[in-house]
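Subject: Structure handover

Hello,

Here is the structure I promised to pass on. Please open it first, then read my notes below.

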2 protein chains.
Amino acid sequence: MSPVTPVAIVDPADPRLAPYAAMRERDLVGRQGRFIVEGEVTLRLMASARARFRTESVLLAPERWPGLADVLGRLGAPVYLAGKPVMSAVAGFPIHRGVLAVGLAGPAPEPAALVPQPPAPALVLGLAGLTNHDNVGACLRNAAAFGADAVLLDAASCDPLYRKAIRVSAGAALITPFARLPAGADWLAIARSLALEPLALSPSGRETLDAAPPPARALLLLGTEGPGLPAGLMARARTLRIPMASGFDSLNVATAGALALSRLAGAAGRLIPAPAAGPDPREDC
Amino acid sequence: MSPVTPVAIVDPADPRLAPYAAMRERDLVGRQGRFIVEGEVTLRLMASARARFRTESVLLAPERWPGLADVLGRLGAPVYLAGKPVMSAVAGFPIHRGVLAVGLAGPAPEPAALVPQPPAPALVLGLAGLTNHDNVGACLRNAAAFGADAVLLDAASCDPLYRKAIRVSAGAALITPFARLPAGADWLAIARSLALEPLALSPSGRETLDAAPPPARALLLLGTEGPGLPAGLMARARTLRIPMASGFDSLNVATAGALALSRLAGAAGRLIPAPAAGPDPREDC
C-alpha cells in the first residue's frame with residue numbers, strides 16, 4: 001500500500017526493460033517463468049486480491065501514471081516510465097495504450113491443490129489439445145464468468161499466460177486457478193483421482209446438455225475443434241452434446257464450452273441472478 | 001455440373017489474378033463487391049445449395065485440383081491453377097492451403113426480404129456497433145449453428161464478407177442470410193416494421209435469459225462489448241441478462257449471443273436433438 005516512486009527510463013536498451021524486449025518473438029520461444037500483461041484492466045486484476053501471480057515490474061507511458069497510482073501501490077513492484085516511442089522500440093511493435101507489466105508465473109500448482117476436496121461440489125474445466133491461444137484464452141474467460149473452480153490443461157494445450165491468451169481471456173487467466181497435466185496424462189485417471197465425474201462435450205455426445213442431470217463434482221472436457229476428443233475417452237466417459245440446427249453443426253470450442261459451463265454452473269447454483277450494477281463491464285479484447 | 005478445364009497461370013501479374021492481389025491491404029479499403037474465400041470447407045459451402053453468393057473465379061495450387069473437381073463443376077466459375085509461390089506472391093503473404101476463390105456480393109438484400117412473414121415464427125439476430133471482425137464472424141457462425149433466420153447489422157458493424165470474418169464464421173457468412181441497415185436506423189422501428197419483439201442482451205438486463213418466456217418472433221440485439229447497447233434502446237426494449245458468477249461478469253459478445261440464441265432456438269423447437277453422425281465436423285478457424 002506504500003506509495004511508489006516511478007523511475008523514468010529513456011534508453012530502450014536499459015537492462016531493466018529487457019523483460020519487455022521483442023515481445024512477439026519471445027512469445028514464440030517462452031519467457032522463463034515471466035509473462036506480459038497489457039492494458040489497465042489486466043493490470044488492475046494483477047493488483048486485486050484474486051490475482052494468482054506476483055508482478056515483477058510495470059512499464060507505463062508517463063501520462064498513464066496518475067490514473068494508476070492507486071493500483072501501483074498495491075502491486076509492490078518497481079514502476080518504470082517511458083514514452084510510447086521508447087515502449088514501442090523495446091516491444092518491437094506500436095504500444096498504443098501505454099500500460100505493460102511483467103508477471104512471474106511462480107511454481108506450477110498441482111491439479112489436486114486447485115480442486116475442492118470431496119464431498120464439496122466442484123466444477124472443473126479440462127482442455128485437451130487446445131493449441132489455439134484465442135481458444136484457450138476464451139475458455140479461461142468463460143471459466144471465470146461461470147465460476148468454475150479450476151481449469152486443467154493437458155501438455156498439448158497452449159499456455160494461458162501467453163500474451164494473446166491473457167488478452168482474449170480479458171484477464172481471467174490471471175485470476176482463474178489453472179494447472180497443467182504431465183505429458184501422456186490420462187483424463188479419466190485424473191478425474192478418478194480427483195473424485196470428479198468426467199463429462200466429454202462433443203457434437204457426437206450421447207446425451208443432450210439440457211437433458212442430463214449434472215453431477216455435483218464435474219470435470220467438463222473440451223477437445224480441439226478438428227479431431228475432437230480421443231475416441232477412447234469418448235467411449236469411456238459420459239458424453240454430452242449441444243443441440244444445434246440442422247445443416248451447420250459447427251460451434252467454436254470455447255463457445256461450446258461456455259454453453260456447457262453455463263448449464264452446469266446454473267444447475268449447481270453457482271450463478272447470481274442479480275443484474276450487474278452500473279455500466280456494461282465488458283470490453284473488447 | 002459440367003466439367004471444368006482449369007487454366008494454368010505462372011505470372012503473378014496476370015490480370016485474371018488481379019482480384020486476389022494484395023489481400024491484406026485490400027481488406028482495409030473494400031473490394032467493390034468482391035470478397036475472398038479461403039480453404040476447402042468454405043469453397044464447398046460456396047458450391048452448396050445454401051450458398052447465397054456467386055463465385056467469380058477459383059485459384060488453386062495444382063495439387064488441390066483433383067480433390068476438388070466435384071465442387072468446381074458445380075460452381076460454374078473459371079478455375080486458375082498456380083503454384084503456392086505464385087499464389088503467395090499475388091496475395092502478398094504465404095498461402096499454405098492452396099485454395100482461394102473470389103465471390104461476388106451481388107445486390108444487398110432488404111431486411112424484410114430475409115425475415116419470415118408473420119404469423120410464422122422468426123428468430124433474427126441484430127448486431128449493433130460490432131466493429132471487430134472476429135466477433136461479427138463468430139456471431140454469424142452462432143446464428144447458423146442455432147438456426148436463426150437472418151442477421152441484421154447496423155451501419156457501424158463491420159462487413160461479414162471481410163476475409164477474416166468469413167474465416168471465423170467457419171463459412172457461415174456465405175450461407176446465413178444477412179442484411180445491413182442504413183446509417184441512423186432505429187432498431188426499435190425496424191423491429192416494429194418486421195413484427196419482431198426486440199430482446200436486448202446486456203449484463204444489466206432486467207430479466208434473466210432462462211426465466212423469460214421467449215416470443216415467437218424475436219429480434220435478439222447484441223451491442224459492442226465496451227459501451228454495450230445504447231441506453232435509449234435498453235430503456236424501451238425488453239432486456240435480458242445471462243446469469244454469471246460473482247466477480248467476473250465478462251463474456252465475449254458472440255459467446256453471450258450464442259447462449260441467448262441457444263435458449264431462444266431451443267424454446268422455439270428449432271434445434272435437432274440427434275447427435276451428429278461421423279467424426280466431429282468442427283474445425284479450427
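This is a predicted model: local features need pLDDT of at least 70, side-chain atom pairs count only at pLDDT 80 or more; totals for chains, interfaces and linings use all residues.

**Helix 6 and helix 10 within chain A**

Start with helix 6 of chain A, residues 133-145. It packs against helix 10 of chain A, residues 253-267. The angle is about 15°, and the axes are 9 Å apart. Angles under 35 degrees count as roughly parallel, so helix 6 of chain A is roughly parallel to helix 10 of chain A. Their crossing is right-handed.

Which residues meet here? On the helix 6 side they are A:Asn135, A:Ala138, A:Cys139, A:Asn142 and A:Ala143. On the helix 10 side they are A:Val253, A:Ala254, A:Ala258 and A:Leu261. By class, this contact has seven nonpolar residues, two polar ones and no charged ones.

**Helix 10 of chain A against helix 10 of chain B**

Helix 10 of chain A also packs against helix 10 of chain B, residues 253-267. The axes are 9 Å apart here, and the angle is about 60°. The two helices are therefore oblique to each other. This crossing is right-handed. Chain A contributes A:Thr255, A:Ala258, A:Leu259 and A:Ser262 to the contact. Chain B contributes B:Thr255, B:Ala258, B:Leu259 and B:Ser262. The classes come to four nonpolar, four polar and no charged residues.

**A:Thr255**

Take a look at A:Thr255, in helix 10 of chain A. Is A:Thr255 buried or exposed? A:Thr255 has a relative accessible area of 7%. Buried means under 20%, so A:Thr255 is buried. Set aside its neighbours within four places in sequence, and A:Thr255 is in contact with B:Asn142, B:Thr255 and B:Ala258.

**A:Ala69**

A:Ala69 sits in helix 3 of chain A, residues 65-75. Its relative accessible area is 35%, which makes A:Ala69 partly exposed. A:Ala69 and A:Leu264 are 195 residues apart along the chain. Their C-alpha atoms are separated by 40 Å.

**The annotated span**

One item comes from a record. An unreviewed UniProt entry places the feature "domain: tRNA/rRNA methyltransferase SpoU type" at residues 123-261 of chain A. In the model, the end C-alpha atoms of residues 123-261 lie 8 Å apart. The span is 29% helix and 22% strand.

Best wishes

Technical notes: Residues are numbered from 1 along each chain as its sequence is written. Chains are lettered from A and ligands numbered from 1 in the order in which they are written. Side-chain values use heavy atoms; hydrogens and water are left out. Axes are lines fitted to C-alpha atoms, for helices over the stretch in contact, and angles run from 0 to 180 degrees between N-to-C directions. Helices (H or I, at least four residues) and strands (E, at least two) are DSSP runs, numbered from the N terminus. Angles under 35 degrees count as roughly parallel, over 145 as roughly antiparallel, 65 to 115 as roughly perpendicular and the rest as oblique. A crossing is left-handed if the near helix is turned anticlockwise from the far one by less than a right angle, and right-handed if clockwise. Contact means heavy atoms within 4.5 Å. Ala, Val, Leu, Ile, Met, Phe, Trp, Tyr, Cys and Pro count as nonpolar, Asp, Glu, Lys and Arg as charged, and the others, Gly among them, as polar. Buried means under 20% relative accessible area, exposed over 50%, partly exposed in between (1.4 Å probe, protein chains only). UniProt positions are given in the numbering used here, feature names are shortened, and annotations may be inferred rather than shown by experiment.
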